[in-house]
Amino acid sequence: VNLGYRTQQQQNEMSKEDCRNTLIVELYEICNESIPTIQGYNSAQIIGKLYVARVLLDRHYRTLQELKSMSTDNQRNTIIVEAEIITPFSIKQLQGKSDIALAALVQDN
């Protein structure tokens, strides 16, 4: 998965552990959660949380400064609210989706 934090070549040259550590640091830099908290997430969760933050930033729903002050749960809630506005899905339906599904839904609309 390339969210724009590293080039494909850089990713190809990294070990799985280096990739995970890079994702941890990238998420740390775009939310208000601690490194130990982020380390508790599995890699798929970290990727999903980064994707949510990236879409919120790219779609101008939040600034980088705002994202840095938010928890990943708050970022998820924000993308759910935005998705409810631009898609036919209800809040309840959106809450049942994964972070990756939510981010893709908003990115594609």
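Tyr41 is buried, with a relative accessible area of 17% (buried is under 20%, exposed over 50%, partly exposed in between; 1.4 Å probe, protein chains only). The model is predicted, with local features needing pLDDT of at least 70 and side-chain atom pairs pLDDT 80 or more, while totals for chains, interfaces and linings use all residues. Numbering starts from 1 along each chain as its sequence is written, and side-chain values use heavy atoms, without hydrogens or water.

Tyr41 is placed in the loop between H3 and H4 (helices are DSSP runs of H or I, at least four residues, numbered from the N terminus). Leaving out residues up to four places away in sequence, Tyr41 touches Arg20, Leu27, Glu33, Ile46, Lys49 and Thr72 (contact is heavy atoms within 4.5 Å). Two of these contacts can be described further. With Glu33, the side chain of Tyr41 makes a side-chain polar contact at 2.8 Å (N or O atoms within 3.5 Å, one able to donate a hydrogen and the other to accept it within protein; residues adjacent in sequence count only through side-chain atoms on both sides). With Lys49, the charged end sits over the ring of Tyr41, 4.5 Å from the ring centre (NZ of Lys or CZ of Arg within 6 Å of the centre and within 35 degrees of the ring normal). Elsewhere in the chain, Lys97 lies over the face of Phe89, 4.6 Å from the centre of that ring.

H4 covers residues 43–58, 16 residues in total, and reaches 22 Å from its first C-alpha to its last. Its N-terminal end is capped by Asn42, which has a side-chain oxygen 3.0 Å from the backbone nitrogen of Ala44. From Tyr41 to Arg54, 13 residues along the chain, the C-alpha separation is 18 Å.

Just after H4 comes His60, with a positive phi of about 65°, although His60 is not a glycine. Most residues other than glycine have a negative phi. His60 belongs to the loop between H4 and H5, and is exposed, with a relative accessible area of 70%.

Ile46, a contact of Tyr41, also belongs to the largest nonpolar core, which has 26 residues; Leu27, Ile38, Ile46 and Ile79 touch the most other members (a core joins buried Ala, Val, Leu, Ile, Met, Phe, Trp, Tyr and Cys through side-chain atoms within 4.5 Å). Two or more residues come from each of H2, H4, H6 and H8, with H4 giving the most, 8 residues. Ile38 contacts Arg20, Ile24, Leu27, Tyr28, Cys31, Glu33 and Ile46, its neighbours within four places set aside.

Thr72, another contact of Tyr41, is one of the buried residues of H6, together with Gln75, Arg76, Thr78, Ile79, Ile80, Glu82 and Ala83. Their cover includes H2, H4, H5, H7 (91–95) and H8. Ile85 is also in H6, but is exposed, at a relative accessible area of 60%.

Definitions and conventions. Expected span 1.5 Å × (residues − 1).
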